[in-house]
Amino acid sequence: MHNRRPARMLATLTLAGLFALAGCGTSGSGASGGSGNTGGGSAGSGDNTLTLGVITSITGADSEFGKAQKEGYEVALDEINAAGGILGKQVKLVYLDDKSSAQEAAKDVDQLVSQYHAQIILGPYSSGSALAVVKKADTYKIPDIVPTATAANVTQTGSKYVFRLCATSDDYAKAICELLKQQGDAKTMAIVHEDQNFGTSADKAMVNYAKQYGFEVVDDESYSTKDLDYKAMLQRVKQKHPDVIYFASYSKDAVALMKQAQEIDLNAKYFTAAGTGFSVGTFPQDAGPAAEYTLAAGQWDPSAKWPGAKEFYDKVHAKFGDYPSYHDMEAYAALYVAKEAIEQAGAYDGQKIRDALASLQMETAFGPVHFDSTGQNAHPVIVTQIQNGKFVTVFPSDAATGKLLPTPPWSQRK
Amino acid sequence: MKRLRAWILPILVLILFALIPFTASFYYQQIFFYIFLFAGVGFAWNLVGGYAGQLSLGHAAFFGIGAYAYALLAPHIGTGPAVLAAAVLSTVSAAPIGLICFRLRGPYFALATIAVAQLLLVLATNQFKGLTQGAAGLLVQGMVPDPSLYYWVALGFMVVAFAVTALLATSKTGYYLMAIREDEDTAQTVTINTPLYKLYALLVSALLTGVGGSIFAANLGTIQPNDVFSAAISNQVVFLAILGGAGTLYGPLVGAFILEFASDWLKNSVANVTWLGDANAFAFFLYGLLIVLVVMYMPAGIVGTVAKWRKGRAAHVHAQRTTAGV
Amino acid sequence: MLEIRDIHVYYGDMQALRGISMEVRQGEVVALVGANGAGKTTTLRTVSGLLRPKQGEVWFEGKPIHELPPHQIADLGISHVPEGRGLFPMMTVEENLLLGAHLPRVRAQRRQMLTQEIYPLFPRLKERAGQLAGTLSGGEQQMVAIARGLMSRPKLLILDEPSLGLAPVIVQEMFNIIRRVREEQGVTVMIVEQNVMQTLQLADRAYVVENGEVVLSGDSRTLLDDEHMKRAYLGM
Amino acid sequence: MSTHNEPLLAFDHVKKHFGGLFVTNDVSFSVQQGEVLFIIGPNGAGKTTIFNLITGFVTPDEGDIRFEGESIKGLKPYQIARRGIGRTFQIVQPLANMSVLDNVMLGAFAHTSSKHEARRQADEILDLTGLGKWRDRMAGSLPLAGRKRLEIARALATRPKLILLDEVCAGLTPTEAVETIQLLKQLRDRGVSAIGGIEHVMRVVMEISDRVIVIHHGQKIAEGTPQEVTSHPDVIEAYLGARLEV
Amino acid sequence: MFLQTIVNGLLLGALYAIVGMGLSIVFGTMRIVNFAHGQFVMAGMYITYTLFTAFGLDPYVSALVSFVLCFLLGMAVYRVAIHRIIRGPEMNHILLTAGIGLMLTNLAQMVYNTNQLTINLSYSHRDLVFGGLRINIAYLISFLIAAVVAALLFWFIMKTETGRAIRAISQNAAAAALSGIHVTRVTMLAFGLGIAVAGVAGTLLLPIHYVDPSVGDAFSLLAFIIVVLGGMGSILGSAIGGLLIGVIAQLASYYLGQSYSDVLTYVVFLLVLLFKPSGLLGRSRV
């Protein structure tokens, strides 16, 4: 019995030591400054700084996209502070991590309100977290600007405090259907979607729109990104001979799906997708020739006509070395929208900011912003096609930078 | 007299908890909300895992069933009846789950409970998408008009869960469950219908866990299968109970308290330690380390170890007295 | 050769041995007798390193061995045939026997030993060489156990209840084998037995263990006439 | 309820084999009300299997087991315990992490749901069995004799009509064995029948047994009074080897 | 198409089999309830990824490195932690190894972030065609390596002295010690070997599946399913169990839909636990 006690004490000490280590690390980085300091309960609006709260996925499954968002926010922050800040005050951003979980995201709202007296919330990244944040923000009666979450139900909670910048999964589905209608040679469709929030919402939207546009959904498949192999599922799709396949996928699964479609010689007149995995910058390289001709509904492209689009792309690339996608841009635009709303409200006050947002009309590098009565921005969706390893905007015609190419069967490709 | 003294500490703690909303920020009230909620579910788990010694690693099954039952029924039958329905449905579902899993012992039981919870997760995500909306998520109707009231809901839930487990654990049933944990064969020779009592413990446990799930869903306002059926929920409940002390009355509360505050502290103070790469990962790394250390050096958990020390001292004193007397 | 000095052994909080001392001299057969649970098996397990004394020492050929792990003690030349035979039931008889000579000290010559020494001593085992040990009869299993114990060329062979559950004829055979082993190979034997009568006839000396203590010891013949022995263990 | 002349327990031509090996081969015996029966046989002879058969841990392949005239074959151990058969195990299995009092209360709960009442009954039994001094100790920390006695106490608390004591004297010093036998006598005076299992022919045990049966290799080779059995040639041959000096 | 599905199932099953075989040694034979098995598979994947991106090492070559590194990692984990609790209740095995799994997952996340990483091999998405049957090259290589590993493991366990010692410990640890077997060392070796095989499984998986820190979670349960299905203590059983699960998963995916592969896997697992707890090739647990 006696010899156990030192071991127990050692364990306690080790733990205490690790915690202390972590603590030291914190104070070290806190002292070095930086925009991401969350330490202490600094007031929401100090004398000459204005602290705004951002919720995003710093860690967890969505952290890749959280990082993209953070880059967008940082670029906007630099620009805004260089131009004099908001209401004459320098802006500070507090990033709270939702750990890619709705439960944490909801807690983040409480923390932002309690500790930072937040009057407006920016974020989060995912639709699952967004639902929880919207519900929470509504109880505090402070507005939430949703930059990236596309699930339709985010704006269907009945809250008057949600303002979504990005187009929705409905808009994606609608754009694809419009394009197909324009082409006129597609009758049947198969939907293949990942089984989490994004894919399920996209599926729901497409089932609905396909019906409206008169396409017959001959197959509707869901899969998990954790699955090792998709060939059996794609074989099921192949047997139905759909004219169109609509994918809702994240990045690695998008690559695997297209490569395996090639392996089993699954042909369709149109391989279409709800952005995301099919829109990320690395998709053409990762999927190689299998990526060619795929069509993806998306929110934004550096080649977009809105002023500032190209500049933003270059700035992010210069500052972080990354190739920004629409996730970066939506965060960037969200901070500008917040700035505009606060300045129009004339005070850092949730109710006033909400009212300002409700009637906002502004131009951004992401396009014009105006929220309808449900808080949804009528953001135009574009459809890009991969041609020779590059994203070419092919729809709508007023934004198009190239022509849609027909998809040859795998056997006739080089 | 002795009985009265046993009540002093819990009542003091309860008074303290009752004062918190008047002093703590809403954020900390939410932290306490989760402490109470998971302590309550921890108490429930403790009946099966701690007292009866059946390591269930699939309590998310009941948590999720409760959450979905409430979310789906509240708009139609109202809040109160929906909570009741959540309790009934999670209890009813525990019967077949128990009948299947309790035929197994040791690690096979643990594996079976995981498989059941995983099965429900997959089914709720895909096969029953029509009902659950799959991962698109359901909006959940609130239970109380003001969000700050959830603090009291969770506190009430915890108190009830504690009362139920304490009542059972210190009665005949508790003795029977502990006998089952120690040795099922021996338990049978003293007339204990071990399958029945195990099932009984599971049913009560599932009932409370299901109610916990419904409170979780109502407070969050939205759920999807991964929020409530995931292994993370099951594991959290198990670890907090073990950390605090499985098979002790207060263990789950102590465990929930430590885990929730540690998690909050790590999130807010370690979040920007850049050399760690991913602060949340570091937090969970420490969490894993904590589990390893507890199992290696303090398998009785905090409350259990303290109790042992005290008992050890008492026995020691007693021994001294008797030798002195001789 | 073997000296046990005042060992105290605990299972958890429970004390099983309360200061046992005994010695075994080169070439002897020493028996430990006493009721079930008295501490005989515990004593043997402590000698072979499966248990550690909380207090006291065990010396073998002039070296303290009570802190050594079992495999090192086995390497020193102590071979313990455990109670219940301790066979590897899902392995063949031959595999069981070969594992008896797992130690590097004897591994090289073990095939030779098997054919030249063990099989002649236990002809039945040769017939059963390819059979799974778990499927043998009780007597055959006990033979495998003893044979496996001999495979390591022990100086001291420890036998824990070799006659357990065997028919009288087989028990007789078992005792004969033990006698032969002692005579032909010069192995020293320490034996625990319930079968007090026969054991005392086989052994040179014996220790009577009760409740974790040695209560009687001495020459086998003397013990056979002891009143306490008669009353407690011989049902007289 | 019982047909007349029906013994308390009838073990009727029971056979049980594990993987081709008969561990109980056509054994029959019976126990009358108030009787103490001892089963002798060397370790491994099949005594424990008989105990397991009676208490339902093992189900017979053939034959029947009746208690108070009703078949208990196929019942679950706890059901059999409820009929009034208590038991102790060869390898003592007190519930180590529960106190001595708790262990006995467990038994007492068979007849009451009140903790208070269970404690009262348990205290009574602790006094009867001389375990009162260890009341609050953890069962696992008792010496062997104490644990054996605790097992008996726990079984007694269920108020059995018949109690089975596997290897009742194993590991006990002669003094402890005598104490245990005294306890058995007390029980018999209270009308509790008992079946005890031992390995050795011990005079002290023989004194209190009404009848003895001898089991060898799963078969009953002798039955009778202690005197009859110990002078039976088969017993001498099979069980004690060549020499037996009684 | 049925035949193709079966073939695909067998190819996938070979990967499952090798995931299961590692656990077969650790759990099936040594009775260590290792809930971190999947995380060791993940470790193998990261090792392979790192070697490929840093040195361009072909994954099928780095299988050897994975084997060695995971072997050492496994032995270290055994020595530091598992050794101390191995005689304790199985509940403690589960909790301890789950804690270790959590540590590994998050260590990976600290080093590699949550990005899904994968490697592109020139040949990993090509097919061979045998009279109508298409066989993916990466899967085929994995299948062959898995077969070789299974054969080597079987030979090692059945025919070598160390293998005999491992079996001896699993059947009677005390008797093994008395026979002169260094039980701690051999158990550590066996644990290391099981983890090493998990590492190789990770290597074989990487050209087919991405790696991220949470990838191990799914493999732990899967490995247990395979071991229980195949029968405790039977390497061959685990190999067959893996193939069977692969075929079941593919048939379910093809005939019912992708998500049914998980549903059926769990259902089959529960049914086996209930009705044939000894598994396909295992002996009864009496």
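**View 1. Chain A meets chain E in this predicted model.** The contact draws 27 residues from chain A and 31 residues from chain E. Together the two chains bury about 2500 Å². Carbon and sulfur atoms carry 45% of that buried area. Three residues, A:Leu228, A:Lys252 and A:Glu263, provide 29% of the area that chain A buries against chain E.

**View 2. Polar contacts link chain A and chain E.** There are 15 residue pairs in polar contact between the two chains, with both residues at pLDDT 80 or more. Salt bridges between chain A and chain E number zero.

**View 3. Several elements of chain A build the side that touches chain E.** Those giving two or more residues are α2 (63-82), β7 (216-223), α7 (231-240) and α8 (251-263) of chain A. The top contributor is α7(A), with six residues. Sorted by class, this side of chain A holds 11 charged, nine polar and seven nonpolar residues.

View 4. Chain D has 246 residues, and 58% of them are buried. Among contacts in chain D with a separation of 6 or more, 66% join residues 24 or more positions apart.

**View 5. The surface of chain D.** The accessible surface of chain D is about 9700 Å². Carbon and sulfur atoms account for 48% of this surface.

Conventions:
Residues numbered from 1 in each chain as written. Chains lettered and ligands numbered in written order. Predicted model: local features only at pLDDT ≥ 70, side-chain atom pairs only at ≥ 80, totals over all residues. Heavy atoms only, no water. Buried < 20%, exposed > 50% of the residue type's maximum accessible area, 1.4 Å probe, protein only. Contact = heavy atoms within 4.5 Å. Areas by Shrake-Rupley, 256 points an atom, 1.4 Å probe, with all protein chains shown as cover. Buried area = accessible area lost by both parts, 1.4 Å probe. Salt bridge = Lys/Arg side-chain N within 4 Å of Asp/Glu carboxyl O. Polar contact = N/O pair within 3.5 Å; in protein donor to acceptor, adjacent residues only side chain to side chain. Helix = DSSP H or I, 4+ residues; strand = E, 2+ residues; numbered from the N terminus. Nonpolar A, V, L, I, M, F, W, Y, C, P; charged D, E, K, R; others polar.
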